[in-house]
Amino acid sequence: MQKYDYLIVGAGLFGCVFAYEANKAGKKCLVIDKRNHVGGNVYCENVDGINVHKYGAHIFHTNDKQIWDYVNQFAEFNNYVNSPVSISKGKLYNLPFNMNTFYQLWGTKTPEEAKKIIESQIKEYGFENPKNLEEQALSLIGKDVYETLIKEYTEKQWGKKATELPAFIIKRLPVRYTFNNNYFSDKYQGIPIGGYNKIIDGLLEGIETKTNVDFFENKEALSKLATKIVYTGKIDEFYNYKFGNLEYRSLRFENTSLEKENHQGNAVVNYNDGDIPYTRIIEHKHFEFGKQKHTVITKEFPEQWTKEKEAYYPINNDENQNKYQQYKALSLQENNIIFGGRLAEYKYYDMHQIIASALQKVKKELN
Ligand code: UDP
């Protein structure tokens, strides 16, 4: 009856890396996904020759040479560097927070001038032990940057007051006293040439895969197919929400094809103002330096999550974390189920972190 060593539920990066490594070690895997395609949220859809990041923009970055080499086995990467700009009250600012941003805000031309303003604002508005995102931002960068580029974006992105959000979220963004618009501080960065699907196809090559299969519609029969299950879906759903549901933030994407070459001159333009319902517009061709005569843009609208919608971001505040710990405790008692990925670990992972975590878990498993 047990035809497979592993039933892998979810064909996102975690599931695919796990499957690839297990398969390489001679284990028989079946990968299932409820969507009609593999790849999870890194999946790209080709629209008139442009790779559209269907579930939100994905820019690969890592400091870890091993992870970089790992993904480069499956696709070559281009030299795209993420340098978003943000529009606030009709004015354009460079991100992340750097000397260009400070010049645009205050006209400061040297690091000393900028530091003087920021330090005095941190002194006046900062906190010794920041307890939430607002306190963290004020302590990191001061009041002007917080009010111009963080507060309204964050509150519409998360649907919560910045004072109700965990501080760590804002630590994702660097603060620099150089004229450097690179959004990431990692050594390696780029977009796979030919799109993310190439990596997924490489990982799943020779592995049995079934799409349009919802694990929960046939849990018992599917579970019997394999000795072990690798589960990458929502952990609260796995346990039938018995401790209540964890909160997520959802997104709605509105795609438009335009008969012009260049709409906004950058892959990512953020919209800070609270009265604009989307957080950013992505112009996909710029990720791959596209030369097409047309372009495709996507407006990203944050939305309240409900059980019918896609869960994109875990909301890791104290209340949800405590609930998650209850689910985690249950998961640790399982002998034949491995939980991994953004949804099963309820963690705001980036792609490189997911790959590292999958490699670590599969290695432990195979040993
Ligand atoms: N953020 C912000 N202003 C911006 C961009 C980001 O305040 O213009 C904050 C916001 O709280 C967001 C967090 O920084 O949730 C992380 O942003 P990032 O771009 O890393 O998030 P992702 O691409 O995962 O949505």
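Predicted model: local features only at pLDDT ≥ 70, side-chain atom pairs only at ≥ 80, totals over all residues.
Trainee: Are helices α5 and α6 roughly parallel or roughly antiparallel to each other?

Mentor: Helix α5 covers residues 133–141 and helix α6 covers residues 143–158, and the two pack with their axes 9 Å apart at an angle of about 150°. Angles over 145 degrees count as roughly antiparallel. The orientation of α5 relative to α6 is therefore roughly antiparallel.

Trainee: How do the residues of the contact of α5 with α6 divide into nonpolar, polar and charged?

Mentor: On the α5 side the contact is made by L133, A137, L138 and I141, which meet K143, V145, Y146, I150 and T154 in α6. The helices that these residues belong to cross in the right-handed sense. By class, the residues of this contact divide into seven nonpolar, one polar and one charged.

Trainee: Which strands stand at the edges of the open sheet?

Mentor: The sheet is built from five strands with parallel pairing, arranged in the order β9-β2-β1-β10-β16. An edge strand here has a single partner strand, so one of its sides is left without a neighbour in the sheet. From one strand to the next, the twist averages 20°. The strands at the edges are β9 (208–210) and β16 (337–339).

Note on methods
Residues numbered from 1 in each chain as written. Axes fitted to C-alpha atoms, helices over the stretch in contact; angles between N-to-C directions. Helix = DSSP H or I, 4+ residues; strand = E, 2+ residues; numbered from the N terminus. Parallel < 35°, antiparallel > 145°, perpendicular 65-115°, else oblique. Left-handed = near helix turned anticlockwise from the far one by under 90°. Contact = placed C-beta atoms within 7 Å. Nonpolar A, V, L, I, M, F, W, Y, C, P; charged D, E, K, R; others polar. Pairing = 2+ DSSP bridges.
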